[in-house]
Amino acid sequence: MGNNILNFEKPLLELADKIKELQSFMDDKGLDLSEELARLKERAKNLQEEIYADLNTMQILQIARHPNRPTARDYVKCIFDEFIELHGDRRFGDDKAMLGGIGLIDNKAFTLLGHQKGKTTKENLERNFGMAHPEGYRKALRLMKQAEKFNRPIISLINTPGAYPGIGAEERGQAEAIARNLMEMSSLKVPIIVIVVGEGGSGGALGIGLGDRIMMLEYSYYSVSSPEACAAILWKNSEKASEAAEALQITSKSLSTLGLIDRIIKEPAGGAHKDPEVAGRLIKEAIFENLHELNNLSTKELIERRYNKFRQIGEFTKNESLINQEDILKEEAE
Amino acid sequence: MFKDLFGKSKYVTVKTRDKSKKDISPDSQLWTKCKQCKEIIFNKKLIENLMVCPKCNYHFRISAKDRLAITIDEDSFQEIAGEIYSQDPLNFPNYKDKLEKAKVKTGLDEAVIAGEASIEGFPVVIAVMDFNFMGGSMGSVVGEKITRAIEKSLETRKPLILVTTAGGARMQEGLISLMQMAKTSAAVKKLDSAGILYICIMTDPTSGGVTASFASLADIIIAEKGALIAFAGPRVIKQTISADLPEGFQRAEFLLEHGMVDCVVERYQMKDELASILRIHQSGVRIYG
């Protein structure tokens, strides 16, 4: 645990230590300091609220990447009453960075997909840190087509730094696999509910991310590129990552303001890893609320609305220049 | 570097900004050193050879306007989806300046130009990307113009031809750029369902979000000789695996070998190849136009 403490949480930890000390002091000496204890606990609660109310983007990024952050499998355990994992793309292999399967939630059948990270180094090596290969995206597509065939809604949990950039991935068509998923997901006849639960890294995230509802856990992020890569490419300086992170507007709050996501799912105090059960319950509630709305649509309406949802994304203008028109006229006159 | 190389600017009815001419450096007007074999080539010769090295067959990158000039029939181009320009939705550092500079540098409004045209008499909808405009990156306007080209193709039932070159999604528009991948791919699905031919010509370089969306979804994918075609660029991969990459990795010929493209075509043959595909295709379509 020691290594998993986030810098901005240190004051909280110090306070927690103090509370523990006081508690054992009370037990040892048989003194009643419960008033002092309650005061400290109250202070800890307020401090946590204060810290979490004012996180910057880099701090949110740290929570999203927290080694203890619940993974797709953790949420499956919380949300599903019964779940069977299904493997393989039937073409090349089984990608452990992509989880897929079928299950029951409150007696309703779902197909679930999700990037799967590990929690330990060993597990992460096995799961390739949640970075899928083409066979992962193709497994996802196979299971989505199956969901369509058997009329099961699809839940897609996004949590990846990105699609894996390696030789084998390129040889087997990483780009084609992602593109194909986007094309096919746009017209699947069943509801698709997408939730970014941790890292929403670029094309690798979007590869299972085209749906009827796009939601984000409060402390997750969704970005066109990692802030580190963005800073390295645009400013040739990966140390400017925190500037890039702010500029890219990758938090659930910014993306909700931009109208790119439908809903933010609140996280338990201190982040989902502090209480995965509660996080799971909030996700489950959000799924059912949205599913209820989507179930009222005909298949035709469902697909049309999904198409239009993405068709209308884009900001452009009829003004030829963003720089003051008068300046340009002046310049031309000279 | 070069403007309207093939002296056929009238093919294209896009306005050119006068300022662009100042960018041509004096020595580049006489000769060019081949990037591959280092041969010194007279520009006149290079232009005659469609910007392909006469010695080693290296294909230089060319602008969108030049690509149009050597691909479509003279005077056949009618621009569509013009009159839309990029905004700066995130107020991203330096984006406005970069856009203005790119406009001056390329004489284009954005990294893609779309229109209706004909190729050896066959009517098509065509959109061509330009790498000189912010690395051919896809933001809102590129995504929108590609989508409108697809919609024009749907409406007119003319085959769609997209010529791609791109570094990927445009970072300065953040997630809006990433979502253009979803938007364009969904539009391709409509074209696919309507049974309309879509040919993609991938030119050097085509990578990132453009490869991972509409470009890879064509019925027929042609790679121009030597083009780099990738999801993740070689630099990123080298960094990730910290090992050298095999020779020819991610080049057009490598993709052909791995089943990712239908054919690799040299520049001088491209128009004939397209015409041939359109001819074969048209004879199988009962109601046309």
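Is A:Arg90 buried or exposed, and how many C-beta neighbours does it have inside 10 Å? A:Arg90 counts as exposed, because it has 11 C-beta neighbours inside 10 Å. Here a residue is buried if 20 or more other C-beta atoms lie within 10 Å of its own, exposed if 12 or fewer, and partly exposed in between, with C-beta atoms placed from the backbone.

## Basis of the model

This is a predicted model, in which local features need pLDDT of at least 70 and side-chain atom pairs count only at pLDDT 80 or more, while totals for chains, interfaces and linings use all residues. Residues are numbered from 1 along each chain as its sequence is written, and chains are lettered from A and ligands numbered from 1 in the order in which they are written.

## Contact between the chains

Chain A gives 45 residues to the contact and chain B gives 50 residues. Two residues are in contact if their C-beta atoms, placed from the backbone, lie within 7 Å. On the side of chain A that touches chain B, the elements giving two or more residues include α7 (167–171), α8 (174–185), α10 (227–235), α14 (299–311) and β9 (316–317) of chain A. The largest share of that side, seven residues, comes from α8(A). Helices (H or I, at least four residues) and strands (E, at least two) are DSSP runs, numbered from the N terminus.

By class, this side of chain A holds 24 nonpolar, 14 polar and seven charged residues. Ala, Val, Leu, Ile, Met, Phe, Trp, Tyr, Cys and Pro count as nonpolar, Asp, Glu, Lys and Arg as charged, and the others, Gly among them, as polar.

β9(A) is also joined to strand β4 (residues 85–86) of chain B by two bridges, and the two strands run antiparallel. A:Thr317 has B:Tyr85 as its bridge partner in β4(B). Two strands pair if DSSP finds at least two bridges between them.

## The sheet of chain B

Chain B has an open sheet of seven strands in the order β3-β5-β6-β7-β8-β9-β10, with mixed pairing. At the edges stand β3 (78–80) and β10 (263–265) of chain B, each with a single partner strand, so one side of each is left without a neighbour in the sheet. From one strand to the next, the twist averages 25°. Axes are lines fitted to C-alpha atoms, for helices over the stretch in contact, and angles run from 0 to 180 degrees between N-to-C directions.

Strand β9 (residues 220–224) of chain B runs parallel to β10(B), and three bridges join them. B:Glu224 has B:Val265 as its bridge partner in β10(B). Helix α2 (residues 64–71) of chain B packs on the sheet and touches β5 (112–119), β6 (122–129) and β7 (160–166) of chain B. The direction of this helix makes about 160° with that of β6(B).

## Domains of chain A

Chain A is assigned domain 1 (2–54) and domain 2 (62–311), with bounds that come from an automatic or database domain assignment. Their C-alpha centres lie 35 Å apart. Four residues of domain 1 are in contact with six residues of domain 2. The domain 1 side of this contact has two nonpolar, two polar and no charged residues.

## Backbone details

A:Arg90 has a positive phi of about 65° although it is not a glycine. A:Arg90 lies in the loop between β1 (82–85) and β2 (98–105) of chain A. B:Met51, also not a glycine, has a positive phi of about 60°. B:Met51 lies in the loop between α1 (43–48) and α2 of chain B, and is buried, with 24 other C-beta atoms within 10 Å.

The peptide bond from B:Asp204 to B:Pro205 is cis, with omega near -20°. B:Pro205 is in strand β8 (residues 198–206) of chain B.
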